[in-house]
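This report describes how two protein chains meet and what the records say about them. Please view the structure below before reading on.

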Amino acid sequence: MTMQLTPPAIAVAPPRRLSAGDIAARTTPRNSLAETLSQTMAMAWRATKKMRRNPEQFFDVTIQPLLFTAMFAYLLGGGMSGSVEAYLPLVIPGILAQTALTACMATGVQLREDMEKGVFDRFKSLPMARIAPLAGPMIADLLRYAIASALTFAAGFAMGYRPEGGVLGVLAAIVLTVIAGWSLAWAFTWVGTLARSAQSVQGISMMIMFPLTFMSNALVPVDTLPGWLAAFVKVNPVSYIVTATRDLANLGQITAHVGWALLACAAVILIFAPLSVLGYRRHL
Amino acid sequence: MTHIPAVHAEGLVKSFGDFRAVDGVDLHVAQGEIFGVLGPNGAGKTTMLKMLATLLSIDMGRAEIFGVDVRRDPHRTRQLLGVTGQYASVDENLTANENLWLFGRLQGVPSKKARDTAADLLGRFGLEEAANKPISQFSGGMRRRLDLAASLITRPPLIFLDEPTTGLDPRTRGQMWDTIRDLVADGCTVLLTTQYLDEADQLADRIAVIDRGYKVAEGTPDELKASVGNSTLQLRLADAADLIMAADVVRRLLGEEPVISGSGRMNVALDAADRAAEVLIGLREAGIGITSVSVDAPTLDEVFLVLTGHDTAEPELEVAR
């Protein structure tokens, strides 16, 4: 054998060698808030890059609002309110909430898909805050909710919707939708950290999303419903968001419903953000 | 002088259901050395590395990295480690440059410095031309190099390399070996896993041989090879019925027990390659025909046969010794 290997005991000290104690002393016990924020923004940057390179991720927030607005308005307008124009103030805020929910469902599915990839092993091995890989993509998703709400309103305008709330009212409605979408996305992110595969996230999320969106006041006035269904619709958080959006866009008023909607959003975040981080840690 | 090692693990255990992937392994890696963990697929090498890297929980036992308790203080542990996985853990959606920038940012490197470090590392790993290409266009070797580059951004004092050259062509493999040696010259400590004895031999100061979750041997490459002889004579007999007689010849001439496998094959450990001639002459004198002969350096398979009494491939095929 030509290779002569040095036994470790008498290994020549390599340059720039520090004692183990010195090396360990250079570490910090935890991420500071500033570090956590900067890591989250770096993960958000990654998510926007990913979006730009996979434009099909925008299908649900572009095609769905246009399609749903036209479809439900023409389909139900006559029957519900006598005419399409009269139905628009009722249905546009409803579709807004519906689209935001669909968009945040994708957040959970994509997180799950992402977590299967090798790069997540690296994220886990880095000394980064455990919430950053979850919160980062969600910040990038704000863009998706904004696109979805703007397009829904645009489709409404094209069909003759003239919201009484004016520009400010509509902008406030869009902001509320974005906040609602972002909050509810934490629930789907949690599902994303728990489920075994992206398909199962999709399935579970559908099961949550359909009752929540359709069994709400998004498409119909509550007083047309049988008592048992009306009871559910009234406690459904989506109903709060829909009513609050209507108040903002159609009345230009910040009503108690807006307050309740924001409170519901805060509650969803407070419950599901910690659960999501726990779920993500469990994968370690 | 402190005597705190880079890695110190005692009685590591990891179970998946009833299966114990790692079953009581002790590990001691001194600062500045390359330590090789050698074993076949499924021996528990990767599981062990993941436990030390905080990617898997430690069921039993304890581990310290530079004196930091892995289980109690995962955040500190992660700051001391660079992990390069078996499959390149870089982001497919980003370019090489963007990957390195992102991993720098995630570890608190300021944006401008992260860009400089990325450019520097890409240059060092011969990837500057591919800097702005998406990873999907990268070859296996390029991915592996980028992956290693990503582990070095914050110059961690300890690098884990999980089968760094599996699936690489010989030339790329040689380059990777050089890179690993450079790391140690820079003051890093390296813990690597491999399936190849020659890789461990080329790189490692010390080797632990792992099999079915146990450590079956530990020592310098020379010590391990000495345990299986310096080379192996591989014979194929013209008539399998002669095997018993041939084994007697070998035993008489070398005092060594040959390893007999099916269809007339026989392996004999030799302490010197020229002793092969004695065996061949002995067989001709006994009138035993041979169809093929070769003398090779011992392979991982032979190390395994000697150390564990079974083959690397199928554990249920116990080879008669």
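## Salt bridges between the chains

Five salt bridges are counted between chain A and chain B; a salt bridge is a side-chain nitrogen of Lys or Arg within 4 Å of a carboxyl oxygen of Asp or Glu. The elements that give two or more residues to the side of chain A that touches chain B are α1 (20-25), α2 (33-53) and α5 (119-125) of chain A. Helices here are DSSP runs of H or I with at least four residues, strands are runs of E with at least two, and both are numbered from the N terminus. The largest share of that side of chain A, nine residues, comes from α2(A).

The model is predicted: local features need pLDDT of at least 70, side-chain atom pairs count only at pLDDT 80 or more, and totals for chains, interfaces and linings use all residues. Residues are numbered from 1 along each chain as its sequence is written, chains are lettered from A and ligands numbered from 1 in the order in which they are written, and side-chain values use heavy atoms, with hydrogens and water left out.

## Two charged pairs

Side chains of opposite charge can pair when their charged atoms come close. In one salt bridge, A:R46 pairs with B:D91, with 2.3 Å between the closest N and O atoms. In another, B:E98 meets A:R53 at 2.7 Å, N to O. This second pair crosses between chains, from helix α3 (residues 96-106) of chain B to helix α2 of chain A. Over all chains, the structure holds 28 salt bridges.

## Extent of the contact

The contact takes 45 residues from chain A and 49 residues from chain B, where contact means heavy atoms within 4.5 Å. Between them, the two chains bury about 4,200 Å², of which 58% is on carbon and sulfur atoms. Buried area is the accessible area (1.4 Å probe) that two parts lose on being put together, summed over both.

## Annotated regions of chain A

An unreviewed UniProt entry gives "domain: ABC transmembrane type-2" for residues 56-283 of chain A; such annotations may be inferred rather than shown by experiment, and positions follow the numbering used here, with feature names shortened. Residues 56-283 of chain A are 82% helix and 0% strand, with end C-alpha atoms 28 Å apart.

The unreviewed entry also lists "transmembrane region" spans, including residues 86-109 and 167-191 of chain A. Residues 86-109 are 100% helix, and their end C-alpha atoms lie 37 Å apart. Residues 167-191 are also 100% helix, with a separation of 36 Å between the end C-alpha atoms.
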